[in-house]
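Welcome, and thanks for taking a look at this one. Please have the sequence and the 3D view open side by side as you read.

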Amino acid sequence: MNVRDLIPWGRAQGQVPASYRDNDRNPFLALHREMNRLFDDAFAGGWPSVEVSDRDKEIKVTAELPGLDEKDVELSLSDGVLSLRGEKRAETEDQENQFSERYYGRFERRIALGYEVDESKVNATFRNGVLTVTLPKTEQAQSKAKRIAINGR
């Protein structure tokens with residue numbers, strides 16, 4: 001269960017109860033809300049954007065992974081599920097100002113394909129932060145798809 005499901009209102013829609021609108025009433029409550037907002041913003045962009053295209057002979061999966069290299073990404077295919085895992089690491093250090101910052105973020109996406117795939121012909125390419133995976137359907141999977149005629153009135 002997502003923690004956001006427990007909140008009876010949403011900040012984005014402006015549906016905040018009157019007792020929570022006035023920031024001058026309780027500075028600790030205002031700080032708490034601001035910290036929640038910062039965490040929401042920080043973790044909202046952690047998932048890669050993935051697009052799945054179902055074509056006649058193949059399934060094509062495209063994932064945007066800016067700032068990652070192919071060595072940071074792991075792909076696997078098991079029981080009709082494509083798994084995409086990755087980790088992004090960033091480290092900054094400024095000796096002059098005695099400042100250092102480290103960021104680590106992991107993600108995992110699982111995509112149920114819904115068709116039998118010819119695993120020997122799967123192809124994956126990674127260029128400019130975009131991962132493209134082409135999964136050819138087996139002949140049997142291609143023949144199962146039927147075109148349905150639409151009748152007009």
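This is a predicted model: local features need pLDDT of at least 70, side-chain atom pairs count only at pLDDT 80 or more; totals for chains, interfaces and linings use all residues.

**Strand 7 and its partners**
- Strand 2 (residues 58–64) runs antiparallel to strand 7, and 7 bridges join the two.
- Within strand 7, Pro136 is the residue that stands opposite Glu58.
- Strand 6 (residues 123–127) also pairs with strand 7 in the antiparallel sense, over 5 bridges.
- Leu131 in strand 7 is the bridge partner of Phe126.
- Strand 6 and strand 7 form a hairpin with 2 residues between the strands, where Asn128 takes a positive phi near 50 degrees.

- Is Thr138 buried or exposed? Its relative accessibility is 18%, and the cut-off for buried is under 20%, so Thr138 counts as buried.
- Apart from neighbours within four places in sequence, Thr138 is in contact with Glu116, Val117 and Asp118.

**A nonpolar patch on the surface**
- Leu31, Met35 and Leu38 make up a nonpolar surface patch, and together they have about 270 Å² of accessible area.
- Leu38 belongs to helix 2, which covers residues 27–44.
- With a relative accessible area of 40%, Leu38 is partly exposed.

Note on methods:
Residues are numbered from 1 along each chain as its sequence is written. Side-chain values use heavy atoms; hydrogens and water are left out. Buried means under 20% relative accessible area, exposed over 50%, partly exposed in between (1.4 Å probe, protein chains only). Contact means heavy atoms within 4.5 Å. Patches are made of residues with over 30% relative accessible area and no salt bridge: like charges are joined within 9 Å, nonpolar side chains (Val, Leu, Ile, Met, Phe, Trp, Tyr) within 5 Å. Accessible areas come from the Shrake-Rupley method with a 1.4 Å probe; for residues, only the protein chains shown count as cover. A salt bridge is a side-chain nitrogen of Lys or Arg within 4 Å of a carboxyl oxygen of Asp or Glu. Helices (H or I, at least four residues) and strands (E, at least two) are DSSP runs, numbered from the N terminus. Two strands pair if DSSP finds at least two bridges between them.
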